[in-house]
Amino acid sequence: MPVDPLAGSTWSAPSTVAGFTQSAPNAVLMAFAEVELKRPEGARALDIGCGAGRNALPLARMGWSVVGNDLSWPMRDRRFDFVVAYGIWNLARTAAQFRNG
């Protein structure tokens, strides 16, 4: 069974998770994203280290197609029902590393 790589750290502490869940999105980022949304290339965003989604959710409401990922397990209160990782299995160095993700 996989182990939370940030277990016991500040990032997995209940108070930290609660703080990110209740915090307002970054105003500068939201203003920038609003301008960028007008570009003709599309509106896809990848939020690496998205935490509880304090920026990812407002971006999605704004019209961005957002994918977020976070290493801290307690920050992930939503799960995917279907994940496709076809074609990346060869990146694992060993079978054990592949199984442990």
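## A strand and a surface patch

Leu 46 is found in strand β1, which spans residues 44-48. The model is a predicted one. Leu 46 has a relative accessibility of 58%. That value counts as exposed, because the cut-off for exposed is over 50%.

Together with Ile 48 and Val 67, Leu 46 forms a nonpolar patch on the surface. The accessible area of these three residues together is about 330 Å².

Helix α2 covers residues 27-36. Three of its residues, Met 30, Ala 33 and Glu 36, are buried. They lie on the same side of α2, because they cover an arc of only 125 degrees around the axis. The buried residues of α2 pack against helix α3, residues 56-62.

What does the face turned away from the buried side carry? That face of α2 holds the exposed residues Ala 27, Val 28, Phe 32 and Val 35. The start of α2 has a contact of its own. There, a side-chain oxygen of Asn 26 comes to within 3.0 Å of the backbone nitrogen of Val 28.

## The salt bridge

How many salt bridges does a search of the whole structure find? The search finds one. Arg 39 forms a salt bridge with Glu 36, and their closest N and O atoms are 2.6 Å apart.

The partners can be compared by their accessibility. Arg 39 has a relative accessible area of 43% and is partly exposed. Glu 36 has 18%. Glu 36 therefore counts as buried, since buried means under 20%. Glu 36 is also one of the buried residues of helix α2.

## Ser 72 in its loop

Ser 72 sits in the loop between strand β2 (65-69) and helix α4 (95-100). Is Ser 72 buried or exposed? Its relative accessibility is 1%, so Ser 72 counts as buried.

Which residues does Ser 72 touch, leaving out those up to four places away in sequence? They are Asp 4, Leu 6, Trp 11 and Ser 12. With Trp 11 there is a polar contact. A polar atom of the Ser 72 side chain lies 3.1 Å from the backbone oxygen of Trp 11.

Ser 72 and Cys 50 are 22 residues apart along the chain. Their C-alpha atoms are separated by 9.6 Å.

Methods: Residues numbered from 1 in each chain as written. Predicted model: local features only at pLDDT ≥ 70, side-chain atom pairs only at ≥ 80, totals over all residues. Heavy atoms only, no water. Patch = residues over 30% accessible without salt bridge, like charges linked within 9 Å, V, L, I, M, F, W, Y side chains within 5 Å. Areas by Shrake-Rupley, 256 points an atom, 1.4 Å probe, with all protein chains shown as cover. Salt bridge = Lys/Arg side-chain N within 4 Å of Asp/Glu carboxyl O. Helix = DSSP H or I, 4+ residues; strand = E, 2+ residues; numbered from the N terminus. Buried < 20%, exposed > 50% of the residue type's maximum accessible area, 1.4 Å probe, protein only. Arc of directions from axis to C-beta. Contact = heavy atoms within 4.5 Å. Polar contact = N/O pair within 3.5 Å; in protein donor to acceptor, adjacent residues only side chain to side chain.
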